[in-house]
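Here is a short report on one protein model. Please look over the sequence and the structure before reading on.

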Amino acid sequence: MKKNLWNTTQSLLVVFNYENLDRLHDFRISLDKLLTNSAIERVIIIVNIDKEVDKNTLPPHFLIYYNSSNDYNFWGKLKDIQLDAELKKQYDTLLWLGETKKKSFNEVRKMKFSNKIGVNTNDSFFELHLNSESDVPSEMLNFVVETLKKITLA
């Protein structure tokens, strides 16, 4: 089997922007399917939510951190101690889906990754920019994985 960007990733940080419960559900199911057949051993998911969204109404998941501007203090420091600890760890690949105009982007920018992939965003922070024609989470994730499988490593 040829080594490619997808099958050599062992740790993954995924950032997803919340729109509604249906899209979140689709995202979770799709990501679960993709991770089941992968080499990934450790994954953390940050779901950016608007500050008006009540976290308590969102489905809990042990890999998901719901994050809004309310999660930062006056000085911009992250209040969530658990997420802060996760963001101090090393990850092979960052997969950022959607716009970067979120406070969590400032936290993620401080981290080191072997691969920084932005989907439907054009920030220069990312080394690889993928543009998905679809904004449906399952289609975006499948597109990303299929593309990463085509990038072979020496």
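Which residues line the largest cavity?

## The cavity

This is a predicted model. The lining of the largest cavity consists of F27, R28, L31, D32, I45, H61 and I64. Helix 1 supplies the largest share of that lining, with four residues. Sorted by class, the lining has four nonpolar residues, one polar residue and two charged residues.

How much space does the largest cavity hold? About 40 Å³ lies inside. A search of the whole structure turns up one cavity of 30 Å³ or more.

## Helix 1 against helix 4

Helix 1 covers residues 21–36, and helix 4 covers residues 137–150. Their axes come within 8 Å. They cross at roughly 30°. Angles under 35 degrees count as roughly parallel, so helix 1 is roughly parallel to helix 4. The crossing of the two helices is right-handed.

## The contact residues

Which residues make this contact? Helix 1 brings R23, D26, F27, S30, L31 and L34. Helix 4 answers with P137, S138, L141, N142 and V145. By class, the contact has six nonpolar, three polar and two charged residues.

## Where the two sites meet

Two residues deserve a second look. F27 lines the largest cavity and also takes part in the contact with helix 4.

Note on methods:
Residues are numbered from 1 along each chain as its sequence is written. This is a predicted model: local features need pLDDT of at least 70, side-chain atom pairs count only at pLDDT 80 or more; totals for chains, interfaces and linings use all residues. Side-chain values use heavy atoms; hydrogens and water are left out. Axes are lines fitted to C-alpha atoms, for helices over the stretch in contact, and angles run from 0 to 180 degrees between N-to-C directions. Angles under 35 degrees count as roughly parallel, over 145 as roughly antiparallel, 65 to 115 as roughly perpendicular and the rest as oblique. A crossing is left-handed if the near helix is turned anticlockwise from the far one by less than a right angle, and right-handed if clockwise. Contact means heavy atoms within 4.5 Å. Ala, Val, Leu, Ile, Met, Phe, Trp, Tyr, Cys and Pro count as nonpolar, Asp, Glu, Lys and Arg as charged, and the others, Gly among them, as polar. On a 1 Å grid over the protein atoms alone, a cavity is a set of points where a 1.4 Å probe fits but cannot get out, and a pocket is an open set with protein on both sides within 12 Å along at least five of seven lines; lining residues have an atom within 4 Å of a point. Grid points are joined across faces, edges and corners, and a volume is the space filled by probe spheres set on the points.
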